[in-house]
Amino acid sequence: MGEVSLLINGLYVKVPAGTTILMAARQLDIEIPTLCYHPDLKPEGQCRLCVVEIGEWPRTRLVNSCTYPVEEGLSVQTHSEKVLDARRVILELLLARTPKSKLIREMAAELGVTESRFKTEDPEELCILCGLCVRTCRDIVGVSAISMINRTPEKQVATPFKLKSDACIGCGSCAFICPNNVIPYTEKNGIRTIWGRDFELVKCESCGNYIAPMAQLEYWAKLTGDPVERYLICRDCR
């Protein structure tokens, strides 16, 4: 594919063609804040927090660094005043949406934002609509048990028709990847509860430790073509 040379904050860097600005910046140890980015997921630029300024003055513009591919000779500023102003507005909006979120409050405080000029609809809301849970369920797990429903300001993550989803295998991946610990998830007495469903956890036939819900083990077996009995022994005991 070849390589592309560009300048980030005045520093020269050469990266493979197709690399995003975010990845090129990280190669230089330049930290760009993100909320919806995860290395195992295709970037979608949902949160807009990773915006950077590209081009030469006076013809510059803001782009999402997680989705924008590098270009030969491109000039990038990751912390210009234009960029910081945009991030402050984004964090103000997030602060208005999730005023009790410790994560958002900390990120906002780093840029000097301690309150929001925007209206708070639900003071108890914690979901920042980053979409990580939905994309993980869809693209990594492969079951699409949850999705984004409605439009802003009613947009939210939910199961189809807000009913117990038959597609859910109880793996908990959505809860584990959530940066704000929003998704209700409990384990007690061998029962995992998530999205309104109870999943009985299967014990390892060797050590007796819980492995995963049977629905998850059956799904693994279906994907691999292996008998489900292969997964009744935990990884540590194999």
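1. Thr 20 is buried, with a relative accessible area of 15% (buried means under 20% relative accessible area, exposed over 50%, and partly exposed in between, with a 1.4 Å probe and protein chains only). Thr 20 sits in the loop between S2 and H1 (helices, H or I, of at least four residues and strands, E, of at least two are DSSP runs numbered from the N terminus). Beyond its neighbours within four places in sequence, Thr 20 is in contact with Ser 65, Cys 66, Thr 67, Tyr 68, Pro 69 and Val 70, where contact means heavy atoms within 4.5 Å.

2. The model is predicted: local features need pLDDT of at least 70 and side-chain atom pairs pLDDT 80 or more, while totals for chains, interfaces and linings use all residues. Residues are numbered from 1 along each chain as its sequence is written, and side-chain values use heavy atoms, with hydrogens and water left out.

3. The largest nonpolar core holds 21 residues, of which Leu 6, Ile 8, Ile 21, Ile 54 and Val 76 touch the most other members. Such a core is a set of buried Ala, Val, Leu, Ile, Met, Phe, Trp, Tyr and Cys residues joined through side-chain atoms within 4.5 Å. Two or more residues come from each of strand S1 (3–8), strand S2 (11–16), helix H1 (21–27) and strand S3 (51–56); H1 gives the most, with 4 residues.

4. Another core, of 19 residues, lies apart from this one and includes Val 141, Val 157, Cys 168 and Ala 175.

5. The whole structure contains 2 aromatic pairs. In one of them, the ring centres of Phe 176 and Tyr 185 are 5.2 Å apart with planes at 65 degrees, so the pair is edge-to-face (Phe, Tyr and Trp rings, the six-membered one for Trp, pair if their centres lie within 6.5 Å; planes under 30 degrees apart count as stacked, over 60 as edge-to-face and the rest as tilted). Phe 176 is exposed at 55% relative accessible area, whereas Tyr 185 is partly exposed at 24%.
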